[in-house]
Amino acid sequence: MSGPALSCTGVVKRFGALEVLRGIDVDVHEHEVVALIGASGSGKSTLLRCINLLEVVDDGVIRLDGEDITDPRVDADRVRGRIGVVFQAYNLFPHLSVLDNVTLAPRVVHGVARREAQASAMALLARVGLADKAGAYPDRLSGGQQQRAAIARALVNAPRLLLLDEVTSALDPELVGEVLTLVRELAGQGMTILMATHEMGFARQVADRVCFLDDGVVREQGPAAQVLGDPVEARTRQFLARIIEAGRL
Amino acid sequence: MTSTPVVSRLQQEREAYRRGRARRSTLVALLSTTAFATVLWLAVTRSPGWPRVQDFFFNVDVARASLPRIAEGLWLNVRVLAVCAVAVPVIGLAVAALRTLRGPVFFPVRILAAVYTDVFRGIPLIILLYLVGFGVPALRLQGVPISTTVWGVVAIVLTYSAYVAEVFRAGIESVHPSQRAAARSLGLSYGQTMRIVVLPQAVRRVAPPLLNDFVALQKDVGLISVLSAVDAVRAAQIEAADFFNFTPYVIAGLLFVLLAVPTARLADWATLRATRREQAGGTV
Ligand SMILES: Nc1ncnc2c1ncn2[C@@H]1O[C@H](COP(=O)(O)OP(=O)(O)OP(=O)(O)O)[C@@H](O)[C@H]1O
Ligand SMILES: [Mg+2]
């Protein structure tokens with residue numbers, strides 16, 4: 001068996017004087033789902049943005065299939081093409097139809113013919129249950145449908161790794177379920193996923209492992225049931241207690 | 001669906017009442033408008049100076065005599081406008097795009113674009129018209145056109161492109177950063193992200209202010225008259241001097257207004273549409 005699909009070692013990220021990530025070590029193996037949890041502002045999004053090369057790390061190494069992608073000589077666009085990303089909000093391009101959103105990358109980046117790109121995009125849209133919305137513009141879709149379309153778009157490059165950044169936190173409660181169901185299906189199909197989430201119940205069901213980010217380091221990581229059910233660290237327990245108080249577990 | 005649905009007596013009564021109120025409102029509006037217009041008309045026409053005013057500003061004979069030349073002059077304004085309407089957005093967009101470039105290589109380009117917008121937004125158009133319109137032809141450089149009109153167009157384009165560049169830049173910056181991040185995440189390059197994702201959204205958003213600038217441009221093309229190009233304004237000036245009467249100016253002014261009205265309505269419509277779209281926009 002080869003090494004992990006994604007491996008972060010000693011990742012440091014500063015914004016001015018603020019040291020957000022202070023040496024993060026996280027691995028994600030092939031077909032594995034890893035959930036990042038942590039308080040707001042703990043750096044979950046920042047870590048995902050570093051992996052996707054939207055931010056330049058200040059120290060440490062991130063490897064994708066063994067290749068050091070933090071090396072300044074790598075072609076960032078090529079690396080990003082191998083990683084699918086869905087953000088919390090503003091994912092879809094509002095001036096393009098759902099179908100055009102999905103076919104954009106294949107056509108523009110990979111030079112796939114329109115017809116061919118549309119055929120595979122329709123298959124993806126069917127997979128996320130949006131085949132009938134292909135021609136619609138994003139503002140005609142519900143929040144949940146928008147996020148499912150964004151997931152379809154993230155899958156279009158057949159990514160090695162899927163990064164999900166709190167994909168349900170901007171949604172009304174009744175729309176959260178349909179998106180989480182889709183993520184669960186993808187996980188079941190063997191997709192390699194690293195996701196930041198506030199949905200502890202979902203993390204426990206779907207994630208193989210959970211990483212608790214705290215004060216710029218990974219305070220605790222391990223099997224989901226253990227970290228969420230019987231945490232070792234006092235800080236993890238405090239964090240989960242607050243979440244339970246807020247009624248989110 | 002021509003058959004009227006069955007409506008309760010109560011509802012029929014309500015509707016009859018509402019119709020009555022509506023008729024009354026229309027009547028009141030009509031009466032008050034008529035009364036107002038009559039008073040205004042009487043006040044103006046009965047005032048002691050009115051015959052002289054009418055003769056000086058609204059003289060039908062002078063209007064008839066001067067209209068052909070003024071209209072001919074307006075044709076020059078329209079052609080200048082057409083050139084500006086194409087050149088200004090192109091240059092404005094280019095300057096705006098240059099200002100948003102990142103990376104140390106583009107530092108001089110960014111600075112140049114910033115200085116350009118600052119200088120040409122600040123300098124009065126009339127000074128620029130004199131400088132470029134009279135100054136450049138006076139150099140008598142080889143291969144450089146000596147037509148003052150051409151250089152007048154250059155001056156207008158320089159000024160308006162600076163304004164429009166700032167409008168575009170505001171539009172570009174108003175596109176949510178996540179949109180760029182999403183595009184880059186898909187593997188699109190900086191240029192592709194700009195061209196396919198950012199600019200189309202930016203242009204849509206700034207369409208109303210851009211149309212407003214176009215309305216302003218429509219009348220500022222009349223400023224080329226200071227370069228003694230015989231446009232509508234200059235023609236009116238000549239006719240006014242000939243007849244010793246101000247009616248030609250009124251005619252020229254009216255023609256400019258007529259030129260501007262469609263664009264103004266278009267701007268209103270674009271604003272309305274943009275507002276509607278914002279309000280219809282999804283929450284995610
Ligand atoms: N571009 C930036 N410039 C300056 N500071 C930033 C920037 N991006 C993030 N930060 C800061 O980094 C810290 C971590 O932010 P991040 O968005 O990664 O947190 P998070 O764990 O994703 O929080 P949330 O759960 O609320 O999404 C915050 O204090 C934030 O203010
Ligand atoms: Mg976040």
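Predicted model: local features only at pLDDT ≥ 70, side-chain atom pairs only at ≥ 80, totals over all residues.
At 5% relative accessibility, Glu239(B) counts as buried. Glu239(B) has a partner: a salt bridge joins it to Arg69(B), with 3.5 Å between the closest N and O atoms. The two come from distant parts of the chain, Glu239(B) from helix H9 (residues 232-243) and Arg69(B) from helix H3 (residues 60-100) of chain B, 170 residues apart. Arg69(B), for its part, is partly exposed, because its relative accessibility is 41%, a value that falls between the 20% and 50% cut-offs.

Ser66(B) also belongs to helix H3 of chain B. With a relative accessibility of 0%, Ser66(B) counts as buried. Leaving aside residues up to four places away in sequence, Ser66(B) touches Glu239(B) and Pro248(B).

Helix H3 of chain B takes part in another pairing. Arg99(B) and Glu166(B) form a salt bridge, and their closest N and O atoms are 3.0 Å apart. Arg99(B) sits in helix H3 and Glu166(B) in helix H6 (residues 148-174) of chain B, so this pair ties together parts that are 67 residues apart in sequence. Glu166(B) is buried, at 15% relative accessible area, whereas Arg99(B) counts as partly exposed at 21%.

Over to chain A, where Arg49(A) and Glu55(A) make a salt bridge with the closest N and O atoms 3.1 Å apart. Here Arg49(A) is partly exposed at 28% relative accessibility, and Glu55(A) is buried at 17%. Chain A also holds a network of salt bridges that links Glu30(A), Asp65(A), Glu67(A), Arg78(A), Arg82(A) and Arg160(A). Over all chains, a search of the whole structure turns up 24 salt bridges. As a general point, side chains of opposite charge can pair when their charged atoms come close.

Setting aside residues up to four places away in sequence, Asp214(A) touches Arg219(A) and Arg235(A).

Now for chain A as a whole. Its secondary structure comes to 9 helices and 10 strands. The radius of gyration is 18 Å, which agrees with the value near 18 Å that a compact globule of 249 residues would have. Along the principal axes, the C-alpha trace spans about 55 × 45 × 40 Å. Buried residues account for 54% of the 249 residues in chain A. As for contacts in chain A between residues at least 6 apart in sequence, 64% join residues at least 24 apart.

Note on methods. Residues numbered from 1 in each chain as written. Chains lettered and ligands numbered in written order. Heavy atoms only, no water. Helix = DSSP H or I, 4+ residues; strand = E, 2+ residues; numbered from the N terminus. Rg over C-alpha atoms; globule rule 2.2 N^0.38 Å. Buried < 20%, exposed > 50% of the residue type's maximum accessible area, 1.4 Å probe, protein only. Contact = heavy atoms within 4.5 Å. Salt bridge = Lys/Arg side-chain N within 4 Å of Asp/Glu carboxyl O.
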